Amino acid sequence: MDILPILSTLRRHKLTSWLLILEIALTCAIVCNAVFLIGQRLQRMDMPSGVAEHELLQIQVADAVVPPNPYARISEDVAALRQVPGVISVASTNEVPFGNSSSNGNLRLDPNQPERTLNATTYFGEDIAKTMGARLISGRDLQPDDFMNVDVVLKALGTGDSKNIPSVTLITRTLGERLWPGQNPLGREVWLTPTVALRVVGVLDSLVRPNAYDTSSAQYTMVVPIRMGASKDESYVIRTRAQDRDAVMTAALAALKKIDPLRVVTTQRSFDDIRNRYFQDDRAMAGMLAGVIIALLIVTALGIVGLASFWVSQRRRTIGVRRALGATRANILHYFQTENFLLATIGIALGMALAYAINLFLMTKYELPRLPAEYFPIGAIALWIIGQLAVLGPALRASAVPPVVATRSV
Amino acid sequence: MFGYYLDLALRSLKRNKVLTALMVIAIAVGIGASMTTLTVMHLLSGDPIPTRSATLFYPQVDPSPDPDPGHTHEAWDMMDYRSAMDLWAAHRADRQAMVASGSLRLTAPEVNQPPLMAQMLSTTSDFFPMFDVPFQYGGGWQPQDDQSRSRVAVISSDLNIKLFGGANSVGRTLRLKDNDVRIIGVLAPWRPSPQFYDVAGGRFSNGKTASFYNKPEDVFMPFSSSLDINASGTNIFTCWHVPDADTKIEDKPCVWVALWVQLDSAAKASNYRRFIADYAAQQKALGRLTHADNTTLRSLMQWLDFNQVVPSDVRLQTWLAFAFLLICLFNTVGLLLAKFLRRSGEIGVRRALGATQGAVLAQCLVEAGLIGLIGGIGGWLLTLLGLALIRQQPVEYADLLHLDSMMFLTTFVMAIVASLLAGAVPAWRASRVALGLQLKTL
């Protein structure tokens with residue numbers, strides 16, 4: 001196919017050609033960035049939690065009155081929940097993965113260090129790792145005699161009395177690698193305050209923090225042997241088989257109500273609900289971006305159809321002359337297809353530069369990472385395809401122009 | 001002349017229905033998308049209390065004991081009880097209110113309804129007049145109620161409807177945890193956007209700030225008596241030490257109280273600024289505060305800016321929508337160019353019969369404007385649809401969304417201006433067609 005005659009024709013239609021090129025460039029740039037944003041959101045929504053999500057339920061209750069012995073109340077509740085048919089395991093905890101509300105601690109590798117090394121979330125409560133299904137990859141799980149009551153610990157932290165503070169902790173693999181790169185974290189100590197150190201006795205494969213924003217710090221998690229008492233915003237986490245969840249939830253609520261009919265259930269949900277709720281903004285945004293991409297491609301396609309139709313009708317006589325001089329219908333068809341391909345290619349080249357510029361802007365405004373190179377071809381291919389599809393109709397109409405047109409009203 | 005051009009434009013639009021429809025759809029979709037996001041932006045970024053915002057301020061002192069050699073520590077978003085109480089009790093502003101929020105279990109003993117968890121705002125008597133809070137029944141409490149730890153409460157219109165079917169419930173009793181509290185006021189529906197008096201911690205939220213657009217609390221109680229009832233359920237912003245469980249909330253090493261002050265003139269504001277600086281210096285001399293020079297007094301709107309209350313997703317969507325509108329306009333420019341130039345012959349005849357270039361230009365622009373107007377109607381409908389879709393989403397500000405008269409007008413102004421802009425180049429080109437050439441080809 002000869003490109004030169006096409007280029008010289010386009011030079012005669014500078015304004016319309018440039019309009020089309022710019023439209024393609026803008027669309028290409030936005031599609032690249034929007035696909036990238038969708039990818040980011042999807043990647044975030046896929047963030048692993050490290051727990052057996054389809055088998056877990058969370059229940060939170062608020063007691064009418066603080067019970068005289070909050071620890072006895074927890075034991076009583078947990079014992080009642082264990083009796084519910086279908087329940088595999090029960091834990092009380094201060095926070096749940098993706099639950100948003102998080103208790104955090106500043107960790108130091110050295111007690112005299114002025115600045116913290118990092119900030120990690122601290123899960124408290126009995127049987128957390130076992131119930132949630134967080135896999136222990138080395139060391140041991142927390143034992144009953146590691147545990148201390150939360151009131152005692154808080155008081156001891158206030159007075160600096162290190163005897164009444166637990167001495168051991170579980171950490172995640174990622175946290176261990178971050179604190180002691182390339183070394184075995186078992187037996188090492190991490191400092192919560194200048195006087196309180198916790199020794200690592202076990203390493204969990206993965207346990208996500210409740211308020212995971214970015215993937216880098218999402219796994220900075222510790223499980224500390226502190227026993228939760230009632231009326232401390234504690235949750236019960238129940239492990240059951242996936243198909244039993246609804247029945248177990250109903251029975252568990254009834255069991256808890258039986259212990260104190262006046263208590264209010266403030267949270268009752270499955271972990272699937274928790275994940276859905278935590279990532280709902282991301283899902284909505286990804287959906288919106290997908291909608292925008294589709295709408296953009298349609299609008300651009302319509303623009304191409306409109307302009308191509310205009311050019312075809314403008315060049316009817318020229319086409320007729322070409323046909324009369326021996327051009328085949330396929331020649332005419334290919335002419336318009338090649339023309340569109342050229343315009344799309346120039347537009348895409350400009351669009352790449354623009355996509356890069358938009359990404360730089362988003363990086364400064366929204367702390368996004370750099371657009372990886374593999375996203376550029378997505379916009380290019382989308383626009384080449386859209387362009388060819390859009391021009392097909394007008395090009396076919398052009399190829400249907402009979403040679404006899406050449407003889408009329410020249 | 002305008003009427004004639006309008007008639008011509010209508011005829012021209014009818015002649016090529018497909019091309020017209022393409023242009024109208026492009027403008028309608030572009031306007032619909034950008035107006036939907038612009039309306040959300042407009043509603044979320046507005047002034048929550050236009051009559052008062054210029055006189056409302058948010059004082060802060062820094063109770064952190066940690067050394068801060070580089071002066072890089074921004075004071076925490078709330079204050080410890082002592083600092084807030086001292087500043088409040090000094091009564092150096094025209095009005096002042098302490099604010100803390102919490103949640104607790106609530107029943108109405110005279111009403112047969114299951115107990116519920118309610119959000120409660122602990123505040124002081126100036127809160128209601130200072131923020132122009134509208135009452136349906138009764139009113140707020142008096143300064144002496146703050147002093148005497150009165151067991152009184154003001155409830156929201158929503159809670160009044162839920163518990164008492166919307167009847168006048170002044171004088172009736174609420175049971176908060178185990179305490180009976182007398183209702184002295186019921187608010188009329190009140191929905192500031194954002195719920196500005198609770199805004200704090202925006203800089204730690206990674207742009208996920210939709211919760212600033214929650215509804216106001218259901219129960220309002222005097223600060224003093226609310227602590228008697230619900231100290232344990234009060235929300236704490238952060239602590240600089242791990243608090244001892246036995247310590248009273250007032251003495252905890254934590255920040256959890258916000259103070260709002262009303263200062264009616266710039267002179268009063270600068271006096272107050274000096275007052276809190278002096279207070280911090282005096283407290284440093286007493287050894288209670290470590291940082292005396294880290295006090296701030298932001299105005300309400302500065303405070304909202306500082307917290308970046310508009311969620312970052314909403315801002316991103318607005319950029320996206322305008323880029324989308326731009327593409328739709330490029331599209332329309334191309335299509336209008338095709339449309340006008342196709343009529344070159346007709347334009348040539350008009351010019352030959354004496355029409356000036358200006359007349360041709362005006363005629364083309366009228367046609368472009370008409371397309372804009374029709375596109376605007378489509379855009380308006382799409383905006384309504386877009387807002388309805390967002391209202392279905394489980395976001396805190398869903399119930400706030402509506403198209404007010406200003407945004408309604410903006411829709412049409414924007415549609416017509418956009419189409420005139422898009423029509424400018426094609427119309428100019430059309431008005432400049434070479435006369436002789438066009439007549440020859442007829």
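Two residues are in contact if their C-beta atoms, placed from the backbone, lie within 7 Å. With that in mind, look at chain B of this predicted model: of its contacts between residues at least 6 apart in sequence, 79% join residues at least 24 apart.

**Chain B as a whole**
- You can find 14 helices and 12 strands in chain B.
- The C-alpha trace of chain B spans about 100 × 60 × 35 Å along its principal axes.
- What radius of gyration does chain B have? The value is 30 Å, while a compact globule of 442 residues would have one near 22 Å.
- Of the 442 residues in chain B, 45% are buried.

**A helix to look at: α11 of chain B**
- Helix α11 of chain B covers residues 344-352, and its buried residues are B:Ile347, B:Gly348 and B:Arg351.
- Following α11(B) comes B:Gly354, which has a positive phi, near 120°.

**The domains of chain A**
- Now switch to chain A, where the domain assignment gives domain 1 as 4-46 + 281-407 and domain 2 as 53-278.
- Taken over C-alpha atoms, the centres of domain 1 of chain A and domain 2 of chain A are separated by 54 Å.

Terms used. Residues numbered from 1 in each chain as written. Chains lettered and ligands numbered in written order. Predicted model: local features only at pLDDT ≥ 70, side-chain atom pairs only at ≥ 80, totals over all residues. Helix = DSSP H or I, 4+ residues; strand = E, 2+ residues; numbered from the N terminus. Rg over C-alpha atoms; globule rule 2.2 N^0.38 Å. Buried ≥ 20, exposed ≤ 12 C-beta atoms within 10 Å, placed from the backbone. Domains from an automatic or database assignment.
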